[in-house]
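Here is a short briefing to read alongside the model.

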Amino acid sequence: MSDAELSQSVPEAEKVKIALGIEYDGSRYYGWQRQQEVKSVQECLEKALSKVADEPISVFCAGRTDAGVHATGQVVHFKTSAQRKDAAWTMGVNSHLPPDIAVRWVKTVDDEFHARFSATARRYRYIIFNHRYRPAVLAQGVTHFHYPLDERKMHEAAQSLLGENDFTSFRAVQCQSNSPWRNMMHINVSRHGHYVVVDIKANAFVHHMVRNIVGSLLEIGCSNQDIGWMAELLALKDRTKAAATAKAEGLYLVAVDYPEHFGLPAPTMGPLFLANDLI
């Protein structure tokens, strides 16, 4: 009997649950979620894990990113009957993954842990290359915006979004969430040379929420709208009144928060040179 056949006969209660931290460049993928006939991050990860485990593996993630969106702090979990050392779930899995997807850490977790439902907050960073000319290096990892931006105006305007609010004005029309209400914990805008970073944390996000917020902040940053426009949009609860959705290329899922008793690692969020505390 093969390992795969043995795994099917092992009771669920006897399987081990493992959490992984995942980083990926989403440029070549049609989002996180497995789909037919198109390339996804989930499919690549499950294939690599299944090779190491020698049994079919299905993963559950903290947040399903869209096509072209990146992550430095994605968290997944899976259950397996395979007994492997941590190095197998990190270096071993990485050896079967394409260069633009990598496992950053591994942790065996209690059965109560769930990558999505145990999460208490998600944090994203949106990276804007603010220069007259487009970049060549990291072109798929930033969003180019050629008009000069005033990041101080953007930061001030963004503070009107803090707290628990109805984010209908920043919610995609096709969003399937039951409620537009979310609790915004922080939103900071800072400049680092030619790079402007929007750092945003909430308990959860409606579809395209970060990119729709950034799209409107860009209008304020280049003085097409005044600082008070952000608060007006929030109050209107009308997606058609806000700016266009910002591009996917600059968006990164950088961290997911969980209760401390799970003991998950907390690596540097990034991306690249960006420190955890930007302001």
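UniProt, in an unreviewed entry, places the feature "binding site" at Tyr 124; UniProt positions are given in the numbering used here, feature names are shortened, and annotations may be inferred rather than shown by experiment. This is a predicted model, in which local features need pLDDT of at least 70 and side-chain atom pairs count only at pLDDT 80 or more, while totals for chains, interfaces and linings use all residues. Residues are numbered from 1 along each chain as its sequence is written, and side-chain values use heavy atoms, leaving out hydrogens and water.

**The annotated tyrosine**
- Tyr 124 sits in strand β5, residues 121–130 (strands are DSSP runs of E, at least two residues, and helices are runs of H or I, at least four, numbered from the N terminus).
- With a relative accessible area of 12%, Tyr 124 is buried (under 20% is buried, over 50% exposed, in between partly exposed; 1.4 Å probe, protein chains only).
- Leaving aside residues up to four places away in sequence, its contacts (heavy atoms within 4.5 Å) include Asp 199, Phe 205 and Tyr 252.

**The domain segments**
- The unreviewed UniProt entry gives "domain: Pseudouridine synthase I TruA alpha/beta" at residues 23–117 and 157–259.
- Residues 23–117 are 23% helix and 25% strand, with end C-alpha atoms 20 Å apart.
- Residues 157–259 are 22% helix and 30% strand, and their end C-alpha atoms lie 31 Å apart.

**The cysteines**
- The whole structure has 0 disulfides (pairs of cysteine sulfur atoms within 2.5 Å).
- For Cys 44, the nearest cysteine sulfur belongs to Cys 61, 14 Å away.
- Cys 44 is buried at 14% relative accessibility, and Cys 222 is buried at 18%.
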